[in-house]
Amino acid sequence: MKFTPHVIDDKMRDTRAAAGYLVKGARPQVVFVVGDGVGRLKWYEWKTGDGAHETWAGHDLLGHDVIHGHSLQIADLDGDGNLDIFCGEMGKWTESSPLPDNPHARTWIFYGDGRGNFTRTLFSQGVGTHEAKVGDLDGDGRLDIVGKPYNWETPRLDIWLNQGNAAGPR
């Protein structure tokens, strides 16, 4: 087994990463967010390359920085058959301080259309999360979210159950 590195963005540091088919029929796309610091949330699609010289196009999802984006996952949250992006910020990381570093921590869901377009939703604000995950927690076939803070108002577990819409998942 031999792996060869292929640089997508040499300016992104300390990132969380996820991959999936955000654009159907293309090569898989990659999403990066700065996990230990402040930086952009971007998704990348492969454009061209001969193996030695590849080109990846980056797309900024927010237009502003994410603060300690320690939660990142790609999943079909609305059940429409297209992958969505889930991203959340930490609220507190300085262990020696009783106060939160980021009291207005945000969590977003970007609903994808399978063609590389996303509808941004501010999912929550003021609830910092660390390594939140997406999964069907109540067995109803809809993806839910479970999260926990790093060291802010702990111990605590945050569970968001997906109630879907009146007609169920799209």
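Colleague: What should I know before I start reading it?

Modeller: This is a predicted model, in which local features need pLDDT of at least 70, side-chain atom pairs count only at pLDDT 80 or more, and totals for chains, interfaces and linings use all residues. Residues are numbered from 1 along each chain as its sequence is written, and side-chain values use heavy atoms, with hydrogens and water left out.

Colleague: What does the chain average in pLDDT, and where does pLDDT stay under 50?

Modeller: The average is 92, and 94% of the residues score at least 70, where pLDDT is the predictor's confidence in each residue, from 0 to 100. Over residues 166-170 pLDDT stays under 50, and for that stretch the model has 7 contacts beyond four places in sequence; a contact means heavy atoms within 4.5 Å.

Colleague: Let's pick a residue. Is Ser71 buried or exposed?

Modeller: Ser71 is buried, because its relative accessible area is 1%; buried means under 20%, exposed over 50% and partly exposed in between, using a 1.4 Å probe and protein chains only. Ser71 sits in strand β7, which covers residues 71-75; helices (H or I, at least four residues) and strands (E, at least two) are DSSP runs, numbered from the N terminus.

Colleague: And what does Ser71 touch?

Modeller: Not counting residues up to four places away in sequence, Ser71 touches Phe86, Cys87, Gly88, Thr129, His130, Glu131 and Ala132. The Ser71 side chain also reaches the backbone nitrogen of Glu131, at 3.2 Å.

Colleague: Which residues touch the most other members in the largest nonpolar core?

Modeller: That core has 17 residues, and Val31, Leu41, Leu72, Ile85 and Phe110 are the ones that touch the most other members. A nonpolar core here is a set of buried Ala, Val, Leu, Ile, Met, Phe, Trp, Tyr and Cys residues joined through side-chain atoms within 4.5 Å. At least two residues of this core come from each of β2 (29-34), β4 (41-49), β7, β8 (84-88) and β9 (106-112). Another core lies apart from it, with 7 residues that include Ile109, Ala132, Val134 and Ile145.

Colleague: What is Leu72 in contact with, then?

Modeller: Leaving aside neighbours within four places in sequence, Leu72 is in contact with Arg16, Ala17, Ala18, Val31, Phe32, Val33, Leu41, Ile85, Phe86 and Cys87.

Colleague: Changing topic, where does Asp36 lie, and what does Asp36 touch?

Modeller: Asp36 lies in the loop between β2 and β3 (38-39), and with 44% relative accessibility it counts as partly exposed. Beyond four places in sequence, Asp36 touches Asp14, His68 and His70. With His70 there is a side chain to side chain polar contact of 2.6 Å; a polar contact is a pair of N or O atoms within 3.5 Å, where within protein one must be able to donate a hydrogen and the other to accept it, and residues adjacent in sequence count only if both atoms are side-chain atoms.

Colleague: How many salt bridges does a search of the whole structure find?

Modeller: The search finds 12, a salt bridge being a side-chain nitrogen of Lys or Arg within 4 Å of a carboxyl oxygen of Asp or Glu. One of them joins Asp9 and Lys42, with the closest N and O atoms 3.9 Å apart. Asp9 lies in the segment before β1 (15-20) and Lys42 in strand β4, so this pair ties together parts that are 33 residues apart in sequence.

Colleague: Is Asp9 buried or exposed?

Modeller: Asp9 counts as buried, at 18% relative accessibility, while Lys42 counts as partly exposed at 21%.

Colleague: Last topic: how many aromatic pairs does the structure hold?

Modeller: The structure holds 3; rings of Phe, Tyr and Trp (its six-membered ring) pair if their centres lie within 6.5 Å, and planes under 30 degrees apart count as stacked, over 60 as edge-to-face and the rest as tilted. Phe32 and Tyr44 form a tilted pair, 5.4 Å centre to centre with 55 degrees between the planes. Phe32 lies in strand β2 and Tyr44 in strand β4, so the pair ties together parts that are 12 residues apart in sequence.
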